[in-house]
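Subject: Handover of a structure

Dear colleague,

Please find the structure below, handed over for your study. My notes on what was found in it follow directly after.

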Amino acid sequence: MDLLTFCVEHHTYHAKNHIIGKDLLRRILALLKSQHAFLNLCAVRCMRRIITLKDDFYYRYIVKGKLFEPLVTAFLSNGSKYNLLNSAILDLFEFIRTEDIKLLIVHIMEEHGSAFKKVNYVKTFQGLHTKFEQLKDRETNKPDIDGLRQPSSFQNSRYRRDARALDEEEEMWFDQEDEPEAPPVAEPAVIFTDGVVMPLEKGLIQFIELDSWYKLMYLINI
């Protein structure tokens, strides 16, 4: 048993896989039914070492297998006798209370809370009950964070546009064809031999006298 306890402390990964995979802690706690006190103490000491590691895998394994049941049965069977077994079990529950291990506190009080009501010569179980009630109150009065983060309907209607309306607007925009722009119309003009440009009236043909010659210089677009 000492060798197993050493492995639990110094070879945490492999020891954890072996204990959980083989359900070894349940077999160890079966020693609590033995008539030999040293075997009872070894079983309690091993469970105390496992809980001291503060490993959630071990905690879930203990809760799922209801492995506190043989421990509580041994404690109640021992009665009010002040011996090593009584002290070892009380020390284990006191550690759970002082370290505030919530998962184990909830499990112990839900499964065995009624069995500890008559145990009043120590304050350990009263303290566990107080912490259990505090946890329930916190869970009851826990604010709805999701509700606080959710925007109001007014904000949605004001600042958020319908996706379908946006799609329709985009389709209308793409369906519109750009009207072709009319090409710029150059103003009709008459060019003289000396480089002078003179505009003509639209739709007319004009004759210019230059060096005693009549020449048709420009035909305006009709």
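A residue is called buried when its relative accessible area is under 20%, exposed when it is over 50%, and partly exposed in between, using a 1.4 Å probe and protein chains only. Helices (H or I, at least four residues) and strands (E, at least two) are DSSP runs, numbered from the N terminus.

With these terms, helix α8 can be described: Leu104, Ile105, His107, Ile108, Met109 and His112 are its buried residues. These buried residues of α8 pack against α4, α5, α6, α7 and α9, where a contact means heavy atoms within 4.5 Å.

How the model was treated

This is a predicted model, in which local features need pLDDT of at least 70 and side-chain atom pairs count only at pLDDT 80 or more, while totals for chains, interfaces and linings use all residues. Residues are numbered from 1 along each chain as its sequence is written, and side-chain values use heavy atoms, with hydrogens and water left out.

The term pLDDT stands for the predictor's confidence in each residue, from 0 to 100. For the protein chain the mean pLDDT is 77, and 64% of the residues reach 70 or more. Over residues 200-222 the pLDDT is below 50, and this stretch has 35 contacts in the model beyond near neighbours in sequence. Residues 152-159 also have pLDDT under 50, and for them the model has two contacts beyond four places in sequence. Where pLDDT is low, the predicted coordinates should not be read in detail.

The chain as a whole

The secondary structure of the protein chain comes to twelve helices and four strands. Of its 222 residues, 29% count as buried. Among contacts between residues at least 6 apart in sequence, 56% join residues at least 24 apart.

The nonpolar core

A nonpolar core is a set of buried Ala, Val, Leu, Ile, Met, Phe, Trp, Tyr and Cys residues joined through side-chain atoms within 4.5 Å. The largest such core has 43 residues, and Ile51, Phe68, Phe93 and Ile96 are those with the most contacts inside it. At least two residues of this core come from each of α3 (24-29), α4 (37-52), α5 (56-65), α6 (69-78), α7 (84-98), α8 (102-112) and α9 (124-140). In soluble globular proteins, nonpolar side chains tend to be buried together.

Which residues does phenylalanine 93 touch, not counting residues up to four places away in sequence? They are Phe68, Leu71, Val72, Ile108, Phe116, Thr124, Phe125 and Leu128.

In α6 the buried residues are Leu71, Val72, Ala74, Phe75 and Asn78. They lie on the same side of α6, because they cover an arc of only 160° around the axis; the arc is that of the directions from the helix axis to the C-beta atoms. The buried residues of α6 pack against α4, α7, α8 and α9. Just after α6, glycine 79 takes a positive phi of about 70°.

Aromatic rings

Rings of Phe, Tyr and Trp (its six-membered ring) pair if their centres lie within 6.5 Å; planes under 30 degrees apart count as stacked, over 60 as edge-to-face and the rest as tilted. The whole structure holds six aromatic pairs. In one of them, the rings of phenylalanine 75 and phenylalanine 125 have centres 5.6 Å apart and planes at 55°, so the pair is tilted. Phenylalanine 75 lies in helix α6 and phenylalanine 125 in helix α9, so this pair ties together parts that are 50 residues apart in sequence. Phenylalanine 75 is buried at 2% relative accessibility, and phenylalanine 125 is buried at 3%. One aromatic cluster is formed by Phe68, Phe75, Phe93, Phe116 and Phe125.

Individual residues

Lysine 16 is found in helix α2 (residues 12-22). Is this lysine 16 buried or exposed? Lysine 16 counts as buried because its relative accessible area is 13%.

Aspartate 23 has a positive phi of about 50° although it is not a glycine, and its place is in the loop between α2 and α3. Aspartate 100, in the loop between α7 and α8, has a positive phi near 55° and is likewise a residue other than glycine.
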